[in-house]
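Student: I have a structure to look through with you. Could we go over its overall build, then pick out one part?

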Amino acid sequence: MATFLYRLGRWAFVRRRLVTLLWVAVLAVCGVLAAKAPAAPDDGFAMPGTEAQKAFDLMNERFPGGHADGASARLVFVAPSGQKITAEPNQQAVERTVAELAHADEVSGAVSPFKANTVSKDGTTAYATVSYSVKAGELSKGATDALEQAAQHGRDAGLKVEVGGNALMAKPEAGGSSEMIGMALSAVVLVITFGSLVAAGLPLLTAVIGVGLGMALITGLGSTLGLSSTTSTLAMMLGLAVGIDYAVFIVSRYRAELAEGRTPQEAAGRAVGTAGSAVVFAGLTVVIALAGLSVVGIPMLAKMGMAAAGTVVIAVLVALTLVPALLGFIGRRVLPRKARKGAVQPKKENGGSRWAKFVLRRPLAVLLGGVIGLGVLAAPALDLRLGLPGDESKPTSTTQRRAYDLLSEGFGPGFNGPLTVMVDVKGTPDPKAAASEVAKTVSALPGVVSVTPPMFNKAGDTALLNAVPSTGPSAAETKDLVQAIRGHAAGLKTATGATVLVSGTTAMNIDVSQKLTDALVPYLAVVVGLAVVLLLVVFRSVLVPLKAALGFLLSVAAALGAVVAVFQWGWLANLIGVEQTGPVMSMMPIFMVGVVFGLAMDYEVFLVTRIREGFVHGERPDQAIVTGFRHNARVVTAAAFIMIAVFAGFIGMGEPMIKMMGLGLAAAVAFDAFVVRMTIVPAVLALLGRHAWWLPRWLDRLVPDIDVEGSKLQTAAPEPAPVRESVGV
C-alpha cells in the first residue's frame with residue numbers, strides 16, 4: 001500500500017494543475033446538480049418493529065384522511081390574573097382565535113376548548129388542538145405565520161397565549177456560526193502548530209472543498225435516496241473535523257520529509273506513502289463505525305451514518321490527491337520562514353519526546369492514574385436515563401417551553417404526553433363493549449388521570465382513546481404505565497377479542513429508547529470486532545488492537561459520564577445554557593460509540609503507526625515510542641484541539657440535541673486523545689515492550705503485509721530528475 005500511495009502522491013504533485021482542476025470541476029458539477037435537484041422529502045422518524053410504530057401505521061390505514069403523522073399545535077390560553085378563562089370576554093377571545101386558525105392554510109381541524117372540554121378545573125386555563133394535513137417539516141411559512149398571528153391576536157385581547165406541539169418545530173441545523181467558530185479556532189491551532197499561514201490555510205481549504213462536495217452530493221441525491229436536511233448534520237460535523245485532521249497529517253509528514261533534506265516532490269510522495277497509509281486506515285475505521293449504524297434498525301440513523309461515511313471517504317480522497325497537488329504549488333513555503341533557509345533541520349527534543357520519556361520512567365503509575373481518572377469521570381454514567389428531548393428541554397424563552405409549563409400547571413404534567421391507545425375490534429362480536437372494557441381497564445390502572453371515551457372510525461372496526469398519565473412524558477412512572485397497559489393487552493385479547501396497542505409521541509419515545517438500548521451491545525460487537533480485525537492487519541499485532549478498543553470504551557464511558565453530569569444532574573449546566581435537566585437523548589450512547597470510535601482510531605492509527613515504523617526500522621521498543629511521539633505528538637495534539645473546537649462550536653446551538661452532541665463529542669475527543677492515546681497508550685506499550693508487537697506465526701502467515709509503515713520506501717529507487725513544473729519556494 002505504501003508504495004502505491006507513494007506513487008499516487010508523486011503523481012498528484014507532478015500533475016497538480018490537472019488534479020486541482022478535476023476537483024474544482026467535480027465540485028462545480030455537483031453544486032449545479034444540487035441546485036437543480038428537487039427538494040428531498042421529510043424522512044420522518046419511523047421505528048420499524050416497535051408497537052408504537054405498528055399502531056401508528058394501523059392508525060393511518062384505519063383512519064384515512066386523519067393524518068396521524070400530520071403536524072399539530074396546542075394553543076394554551078390563560079386568563080388574566082384573578083379572572084376565569086370561561087368569562088364571556090375571555091371565552092369570546094379564545095373562540096375568535098380558534099376560528100381564525102380553523103380557516104388557515106393546511107389546517108385540517110381546530111376545536112374550541114369549550115367544545116372539547118379542555119378547560120382546567122380552576123377555570124383559568126384552556127387549550128385548543130390544531131391539526132394540520134402535512135407533516136411538521138413540510139408546513140409552509142404561511143401556515144406557521146398564521147399560527148403565530150392568531151396567537152398574537154389572542155394576546156392583544158388580554159390573554160396569555162403560548163403555542164406548543166411540533167408545528168413551530170425548527171429543524172436541527174448544524175450551520176452558520178457553529179462552523180465559523182470551529183473554523184476560526186482551528187485556524188488558530190494550525191497557525192500555532194505549523195508556524196506558517198500557508199501551512200495552516202491548506203487543511204482548512206481542502207476540508208471546505210471536501211465538505212462542500214459531500215453536502216452537494218447529499219442535496220443532489222436527497223430526493224432519490226430519501227436524504228433530508230437532517231441527514232447532513234452529522235456529515236457536516238464529521239466531514240469538517242476529519243477533513244482538517246487528514247490534511248494536517250499529510251502536511252505534517254511532508255514538512256518532516258523536507259526537514260530530512262528531500263526535494264518537495266519526493267517529500268510529497270513519501271508523505272502520502274506513510275501518513276497517507278495511516279489516513280486510509282483511519283478513514284476505514286470511521287466508515288466502519290458510521291456504516292455500522294445501519295444495524296440499529298432506525299432508518300434515519302442509518303441514513304445519517306451512511307451520508308457521513310460518504311463524506312469521510314471524500315475527505316480521505318482529498319487528503320491523498322488534492323493535498324499533495326496543492327503542496328506542489330506551495331513547495332517549501334509550507335515551512336516557517338526560518339526553516340526555509342536550510343534544507344536539513346537537526347532532530348531535537350520537543351514536548352512530545354519529553355512527555356514520552358516521562359511516561360517511560362513510570363509507566364505503571366501513569367497507566368493507573370489514567371484508568372482511575374477516566375473511571376471517576378465515568379461514574380455518573382451509572383445513573384444514565386434515556387429519553388427523547390421534548391418541549392420541556394427547550395429554553396424558557398421559547399413559546400413551546402412556556403406552553404409546556406402552563407399545561408403542567410393547569411392540567412398536570414401528564415397532559416403534555418397523553419398516551420394513544422388503539423383498540424382493533426375487527427372480528428369481535430361486540431366492538432363497542434370490547435372498546436368500553438379496554439377503557440375501563442386502562443382507567444383503573446394506577447397513574448392514569450383520565451381516559452377519553454372510545455372514538456370509532458367510519459368502518460367501526462377500530463377505536464381510539466387517550467389516556468392521560470399523572471406524570472410527565474419523560475418520567476420513569478410514565479414508562480411503567482405504558483408497560484402496564486401493554487401487560488394487560490393479552491388478557492384483554494382473551495376476554496374481548498380486541499387487540500390493544502399503545503402509541504403516541506410518549507410511547508414512541510419510550511420504544512425508541514428501548515430499541516436503541518437493546519441495539520447497543522450488538523452494535524458494539526459488530527463495530528469493535530471489525531475494527532479490531534482491521535487494526536490487526538495494520539499493526540500486525542494482537543495486543544495493540546485490543547488495547548485500542550479497551551481505551552476507546554474508557555473514553556466513551558467518561559464522556560457519557562460528563563453528559564449525565566451536565567444534562568441530567570445539572571452540573572455547570574448554566575454555563576452552556578441548559579435551562580432544564582432531564583434524561584439523556586436516547587440516541588446519545590450509540591451515536592457516541594459510532595462517531596467517537598472512528599475518531600479515536602484516527603489518533604491510534606496515526607500515532608502508533610509512527611511508533612511501529614521506528615520499531616520495524618530497528619529501534620528498541622522504548623526508542624520507538626519516543627520517536628513516534630517526537631514526530632507525531634504535536635500533530636495529534638493539534639488534530640485533537642481542532643476536533644474539540646469544531647464540536648464545541650455546536651454547544652452554543654439552541655437545539656438541546658445538537659448542544660448535547662457537541663458537548664459529548666468534544667469531551668470524548670478530549671478524553672480519548674489526551675488521556676487514552678497520549679497517556680495510556682505509551683504506558684501500555686512501555687510495559688509490554690516487544691510483546692506489544694507479538695503475532696502468532698500461524699496468524700502472521702494469514703495476515704497480509706500491507707506495509708503501512710512504508711518500510712519498502714526505504715529501499716526505493718532513487719528519485720527521478722526534477723519535474724518540468726516549477727515548485728513554489
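**Charges, fold and a helix**

Tutor: Happy to! This is a predicted model. In the protein chain, there are 61 positive and 51 negative charges, and their mean positions lie 13 Å apart.

Student: How many helices and strands are in the protein chain?

Tutor: Both kinds of element occur in this predicted model. The count for the protein chain is 24 helices and 11 strands.

Student: What radius of gyration does the protein chain have, against that of a compact globule?

Tutor: Start with the extent: the C-alpha trace spans about 90 × 50 × 50 Å along its principal axes. For 729 residues, a compact globule would have a radius near 27 Å, and the chain's value agrees with that. The radius of gyration of the protein chain is 30 Å.

Student: What share of the residues of the protein chain counts as buried?

Tutor: A residue counts as buried when its relative accessible area is under 20%. The accessible surface of the protein chain is about 29,800 Å², with 62% belonging to carbon and sulfur atoms. Of the 729 residues, the buried share is 55%.

Student: How far apart are the end C-alpha atoms of helix α1?

Tutor: Helix α1 covers residues 2-14, which is 13 residues. At 1.5 Å a residue, α1 should span 18 Å, and the model agrees. The end C-alpha atoms are apart by 18 Å.

Student: Which helices do the buried residues of α1 pack against?

Tutor: The buried residues of α1 include Leu5, Tyr6, Leu8 and Phe13. Contact here means heavy atoms within 4.5 Å. The packing partners are α2 (16-36), α10 (232-259), α11 (264-291) and α12 (299-330).

Notes
Residues numbered from 1 in each chain as written. Predicted model: local features only at pLDDT ≥ 70, side-chain atom pairs only at ≥ 80, totals over all residues. Heavy atoms only, no water. Helix = DSSP H or I, 4+ residues; strand = E, 2+ residues; numbered from the N terminus. Rg over C-alpha atoms; globule rule 2.2 N^0.38 Å. Buried < 20%, exposed > 50% of the residue type's maximum accessible area, 1.4 Å probe, protein only. Areas by Shrake-Rupley, 256 points an atom, 1.4 Å probe, with all protein chains shown as cover. Lys, Arg positive; Asp, Glu negative; His and termini not counted. Charge placed at Lys NZ, Arg CZ, Asp CG, Glu CD. Expected span 1.5 Å × (residues − 1).
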